[in-house]
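Please look over the structure shown below before turning to the points that follow. They move from the chain as a whole to its individual elements and then to confidence.

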Amino acid sequence: MRCFSCGNTKQSQIKNLFGHDVCDSCEPTLNLYKDHTIRKHITSYERKREAVPEDPTYAQEVDYRVEAMEEVYIRRRLKLLHIQARLKAMK
Ligand SMILES: [Zn+2]
């Protein structure tokens, strides 16, 4: 395992978070939310939904954002991989 951010390979300092290897030093830099922050977000979304019930719940919004972000990531990666392949072919 190798930290995706700094390249650390000390296995005792690395954990897997949702399929990505992260070291103990880099994990705090991810600024992951504590449960109380997530609860605040849920409350805020529920308040908005009182006025506009067809709006997504917080959980639906998070699901949507994960999917949309993955699509953008794949598009950008494909673009770069294509450039890499073209650079090799054009040599
Ligand atoms: Zn790291």
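What percentage of the 91 residues in the protein chain do buried residues make up? In this predicted model, buried residues account for 3% of the 91 residues in the protein chain. The points below set that value beside the order of the elements, the overall dimensions and the local geometry.

**Overall architecture**
- The protein chain contains two helices and two strands, and these elements follow one another from the N terminus in the order β-β-α-α.
- With a radius of gyration of 19 Å, well over the 12 Å that the globule rule gives for 91 residues, the protein chain is more spread out than a compact globule.
- The C-alpha trace of the protein chain spans about 60 × 40 × 15 Å along its principal axes.
- Among the contacts in the protein chain with a separation of 6 or more, 0% are accounted for by residues 24 or more positions apart.

**The hairpin**
- Strand β1, covering residues 14-17, and strand β2, covering residues 20-23, run antiparallel and are joined by four bridges.
- L17 stands opposite H20, which belongs to β2.
- Two residues lie between the strands of the hairpin formed by β1 and β2, and within this hairpin F18 takes a positive phi near 50°.

**Helix α1**
- Helix α1 comprises the 17 residues 35-51, which at 1.5 Å a residue should span 24 Å, and the distance of 25 Å between its end C-alpha atoms agrees with that expectation.
- The number of buried residues among the 17 residues of α1 is zero, so α1 lies largely in the open.

**Helix α2 and R76**
- R76 has its place in helix α2, which covers residues 58-90.
- R76 has 10 other C-beta atoms within 10 Å, and because a residue counts as exposed when that number is 12 or fewer, R76 is exposed.
- R76 and Q13 are separated by 63 residues in sequence, and their C-alpha atoms are 30 Å apart in space.

**Confidence**
- The average pLDDT of the protein chain is 97, and 100% of the residues score at least 70.
- Within the protein chain, confidence is lowest in α1, where the mean is 95, and highest in β2, where it is 98.

Conventions:
Residues are numbered from 1 along each chain as its sequence is written. This is a predicted model: local features need pLDDT of at least 70, side-chain atom pairs count only at pLDDT 80 or more; totals for chains, interfaces and linings use all residues. The radius of gyration is taken over C-alpha atoms; the globule rule is 2.2 Å times the number of residues to the power 0.38. A residue is buried if 20 or more other C-beta atoms lie within 10 Å of its own, exposed if 12 or fewer, and partly exposed in between; C-beta atoms are placed from the backbone. Two residues are in contact if their C-beta atoms, placed from the backbone, lie within 7 Å. The expected span of a helix is 1.5 Å times one less than its number of residues. Two strands pair if DSSP finds at least two bridges between them. pLDDT is the predictor's confidence in each residue, from 0 to 100.
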